[in-house]
Amino acid sequence: MVAFGKKLKERQIQEWQGYYINYKLMKKKVRQYAQQIEVGTQDRRQVLKDFSRMLDNQIEKVVLFLLEQQGLLASRIAKLDEQHDALQPQPNISQIYELREAYRAVGQDLLKLLFFVEINAIGLRKILKKFDKRFGYRFTNYYVETRANHPYSQLQQVFKHVGIGAVVGAISRNLHELQDRQGSYLSIYDHPALPLQDPVVDSIKAAVDRLTHSTNFLNFLAQHALIMQDELPAPIEEGVDDEKYHFMSLLLNLANTFLYMVNTYIVVPTADDYSLSLGAAATVCGVVIGAMAVAQVVSSVYFSAWSNKSYFKPLVFSSIVLFMGNILYALAYDLNSITVLLIGRLFCGLGSARAVNRRYISDCVPLKYRMQASAGFVSASALGMACGPALGGFLQTNFRIYKLTFNEDTLPGWVMAVAWLVYLIWLCISFKEPSREIEENSIPQESNAEAVENDSLENGLKQPLLISSEDKQQDEDGEQECDESEEASEDSHQADTSFRSAYRLLTPSVKVQLLIYFMLKYAMEILLSESSVITTYYFQWSTSTVAIFLACLGLTVLPINIVVGNYISNMFEDRQILMASEIMVCIGILLSFHIFSPYTVPQYVCSGLIMFVSAEVLEGVNLALLSRVMSSRLSRGTYNGGLLSTEAGTIARVIADGTITLAGFLGNSRLLNATLLPSLLICISSIIATCYTYNSLY
C-alpha cells in the first residue's frame with residue numbers, strides 16, 4: 001500500500017518542494033490536537049482557531065508562489081510578444097518555428113503550475129476531511145464559507161484562476177497566429193469557431209477544466225458512465241497515448257452500445273401482441289422483455305472478466321450471440337413457440353458487452369478525450385433507448401418469403417439480426433486490438449471519478465478539493481485511521497478478484513446510492529415494459545402510438561441532462577437535487593395509480609413523464625455521487641464499480657419485469673396498481689435511507 005502523503009511527495013516538482021502545503025505536518029497536528037483534547041489540555045475552540053490559522057498560512061504560501069510564477073510566465077510571454085511583433089513585417093519560417101516552440105515551452109511550464117495547484121488542493125481537501133472525521137465537526141463547511149466569500153480570500157485567488165486564464169489566453173492567441181495559414185495572421189477573436197489544434201493548449205485546457213471542476217453538460221453526462229480515475233494527477237498522462245488510441249475502435253464500441261439498447265427496447269411496443277399470437281397472456285411481455293436482463297446479469301460478469309485479456313474477441317462473441325438471438329426471436333412466430341421466443345431473448349442478453357464498452361473507454365482512450373468518450377457512451381445508450389421503440393413502431397408491414405413471416409412482431413428480430421451481421425463485418429475489418437502492455441506497465445488513470453466531499457465544497461466554488469475518491473490513506477509513519485468508510489476503501493490500485501471482496505468495500509453511502517439506482521431502474525422498467533398492455537387496455541392505443549410515446553420519453557434524456565448539467569447542478573447541491581428527484585419520482589408513481597374513474601390519457605402521460613424525467617435527473621446525480629464515494633479499488637478489475645452498478649440496475653429490471661408477469665394473474669384491470677405498489681414502497685424506502693444516511697454523515 002502506498003500512503004497518500006508519500007504519493008503526494010512523489011508527485012511534487014522537486015524545485016518547488018518548499019512551496020507545497022506541508023501535509024505531513026498538518027496531519028501530525030491533527031493527531032496532536034486529538035490527543036490534547038482527550039487528556040483535557042486543549043480547548044476545542046482554541047484547536048479550531050489554531051488549525052484555521054495554520055491552514056491560512058499554508059494556503060497563503062501556495063498563493064503567493066502561484067502569483068510569483070504567473071508573473072514570471074507573463075514576463076516571458078511579454079518578451080516573446082516583442083519578438084513576434086518584430087517578425088510581422090518580414091516573416092521568417094525558421095524564426096516563426098523557434099518562436100512557436102518558445103510559446104509551447106511557456107505552455108509546458110504553465111502545465112507544471114496547474115499541477116502544482118491541483119496537488120495542493122487535493123492535499124488541502126484531504127486534511128480537511130481528516131480533521132472533520134477525527135473531531136466529528138463540519139469544519140470544512142465553516143472554513144470554506146468564511147474564506148471563500150471574503151473580499152481578500154486566498155481561496156478565491158486559487159480557484160478563480162484569473163491570472164492563469166490570462167496566460168492561457170496569451171499563449172493560445174499567439175500560437176494561433178503563428179500557425180501556417182498561407183501567410184495570413186488571423187486572430188482567434190476573428191474566427192472563434194476555429195479551434196486551435198495544438199497539443200499544449202489542449203493539455204492546458206484539460207488541466208484547467210479538471211482543476212476548476214466546472215459542472216457542465218458534457219462532464220455531467222460523462223459521469224453517467226461511472227468510469228473512475230486515479231486519485232492524484234500526473235504531469236504526463238501514463239499508459240494511454242495518442243499513438244495507441246484508435247478512434248474507429250472507440251466508434252465501434254459506441255455503436256455496440258447503441259445497437260444493444262435498440263435491441264433491448266425495439267420489442268417493447270409489440271411484445272404483448274407477440275405473446276398473444278403465441279397463445280400466452282399479454283402480460284407475458286414482462287418475461288419476454290425481462291429475459292434479456294436476466295441473461296445480462298450473468299453476461300456482465302464474464303464480459304467484465306474477458307475484458308481483462310481482450311476487447312476484440314468479446315465484441316465478436318457479442319455480435320454473433322446477438323445475431324443468433326434475434327434470428328430465434330423472429331423464427332418463434334413461424335415455429336409457434338413461446339419457448340423459442342424466450343430463448344432468443346436470453347441469447348440477446350448473453351451478448352451484452354456493455355462492460356467491455358465501458359472498460360475500453362477507461363483503459364484505451366487518452367485522458368484528454370475520455371470525458372467526451374464517456375459522454376458518448378451515455379448518449380449512445382440514450383439514443384438507442386429512444387430509437388428502439390420508434391423503430392419497433394415503424395415496422396408495420398406483413399408479408400411472407402417462402403415459409404418465413406415478416407410482420408410487426410417478427411420484423412424487430414429480423415432487422416436487428418441484419419444490423420448485428422453488418423456490425424460484425426465492420427468490426428472484423430476496422431477494429432484494432434490495443435496493446436495489453438498499456439495496463440501492465442503503468443498505473444491507469446480512469447476518468448470521471450470525482451471523490452465525494454459531501455459538504456459545501458461540492459457547490460459554490462466547485463473546488464478541486466473534490467477530485468479524488470474517498471479512500472483511506474496510511475500515514476508515512478505507519479499510523480492507520482479506523483473509521484468505517486476509510487477502512488473499507490484503503491488506498492490500493494489492486495483490482496478486486498471476487499464479488500465478496502468488492503462488496504466489503506461498499507460503505508453505507510455507496511449502498512444507499514446503489515439502492516437509489518435500483519429503485520429508479522425498477523420504476524422506469526415498470527413504466528416502459530407495461531406501457532403497451534396498459535395503454536391498450538385503458539386507451540386502445542395502437543402499436544404506433546405506443547412507440548411514439550416511448551420514443552418521446554427516450555428523447556427527453558439528453559435535453560434533461562443539458563438542463564441539469566448546465567444549470568440546476570450549478571444552483572443546488574447534489575444532495576438537494578438527489579432528494580428532490582426522489583420525491584418527484586414518488587409523486588409520479590402516486591399520480592399514476594388508478595384510483596378515480598375514468599383513467600385518462602392526460603393522467604397517464606403526465607404522471608409517466610414526471611416519473612421518467614425525475615428518474616433521469618436522479619440517475620445522473622446519483623451516479624455522479626456514486627463515482628465520488630466509491631473506493632478507487634473498484635475502478636478496475638472484473639468486479640469494478642461499473643459492473644456493480646450495472647448489476648444493481650439489471651437485477652432491478654429483472655424483478656420489475658417479473659412483477660409485471662406475476663401481476664398479470666390478477667387481470668389487466670388490476671395490473672397497473674399491482675405493479676406500481678412495489679415501486680412506491682421501494683421509492684419510499686430509498687428516500688428514508690437517503691435521509692438517514694446523509695443526516696448521520698452530516
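Predicted model: local features only at pLDDT ≥ 70, side-chain atom pairs only at ≥ 80, totals over all residues.
User: What is the overall make-up of the protein, in helices and strands?
Analyst: The protein has 28 helices and two strands. Of its 698 residues, 58% count as buried. The accessible surface comes to about 28,400 Å², and 61% of that belongs to carbon and sulfur atoms.

User: How much of the contact set comes from residues 24 or more positions apart?
Analyst: Such residues account for 83% of the contacts with a separation of 6 or more.

User: Why is Ser249 called buried?
Analyst: Its relative accessible area is 0%. Buried means under 20%, so Ser249 qualifies. Ser249 sits in helix α10, residues 247-265.

User: Is Gln513 buried or exposed, and how do you know?
Analyst: Gln513 has a relative accessible area of 0%. The cut-off for buried is under 20%, so Gln513 is buried. Gln513 lies in helix α21, residues 508-529. A polar contact of 2.5 Å joins its side chain to that of Asn622.

User: Why is the Arg53 and Asp50 pair called a salt bridge?
Analyst: The side chains meet at 2.9 Å, N to O. A salt bridge needs the nitrogen within 4 Å of a carboxyl oxygen, so the pair qualifies. Both residues are in helix α3, residues 44-87. Because they are three residues apart there, about one helical turn separates them.

User: What is the burial class of Asp50, and why?
Analyst: Asp50 has 18% relative accessibility. That is under 20%, so Asp50 counts as buried. Asp50 also belongs to a network of salt bridges that links Lys29, Asp50 and Arg53.

User: How many salt bridges does a search of the whole structure find?
Analyst: The search finds eight. One of them joins Glu101 and Arg104, with the closest N and O atoms 2.6 Å apart. That distance is within the 4 Å limit. Glu101 and Arg104 both lie in helix α4, residues 93-135, three residues apart, or about one turn.

User: Why are Glu101 and Arg104 called partly exposed?
Analyst: Glu101 has 31% relative accessibility. Arg104 has a relative accessible area of 22%. Partly exposed lies between the buried limit, under 20%, and the exposed limit, over 50%, so both residues take that label.

User: What makes Lys521 and Glu619 a salt bridge, and which parts of the chain does the pair link?
Analyst: The side chains meet at 3.5 Å, N to O. The limit is 4 Å, so the pair counts. The pair links distant parts of the chain. Lys521 is in helix α21 and Glu619 is in helix α26, residues 601-629, 98 residues apart. Lys521 is buried, and so is Glu619.

User: Which residues touch the most other members of the largest nonpolar core?
Analyst: They are Leu250, Tyr423, Val585, Ile589 and Phe612. This core has 114 residues. Helix α21 gives the most to it, with 14 residues. A second, separate core of 44 residues includes Ile37, Leu55, Ile59 and Leu87.

User: What is Tyr423 in contact with, leaving aside neighbours within four places in sequence?
Analyst: Tyr423 is in contact with Leu252, Asn253, Ala255, Asn256, Leu259, Leu315 and Ser319.

User: Why is Cys428 called partly exposed?
Analyst: Its relative accessible area is 47%. Exposed means over 50% and buried under 20%, so Cys428 falls in between. Cys428 lies in helix α17, residues 411-430. Cys428 and Val316 are 112 residues apart in sequence, and their C-alpha atoms are 7.8 Å apart in space.

How values were computed:
Residues numbered from 1 in each chain as written. Heavy atoms only, no water. Helix = DSSP H or I, 4+ residues; strand = E, 2+ residues; numbered from the N terminus. Buried < 20%, exposed > 50% of the residue type's maximum accessible area, 1.4 Å probe, protein only. Polar contact = N/O pair within 3.5 Å; in protein donor to acceptor, adjacent residues only side chain to side chain. Core = buried A, V, L, I, M, F, W, Y, C linked by side-chain atoms within 4.5 Å. Contact = heavy atoms within 4.5 Å. Areas by Shrake-Rupley, 256 points an atom, 1.4 Å probe, with all protein chains shown as cover.
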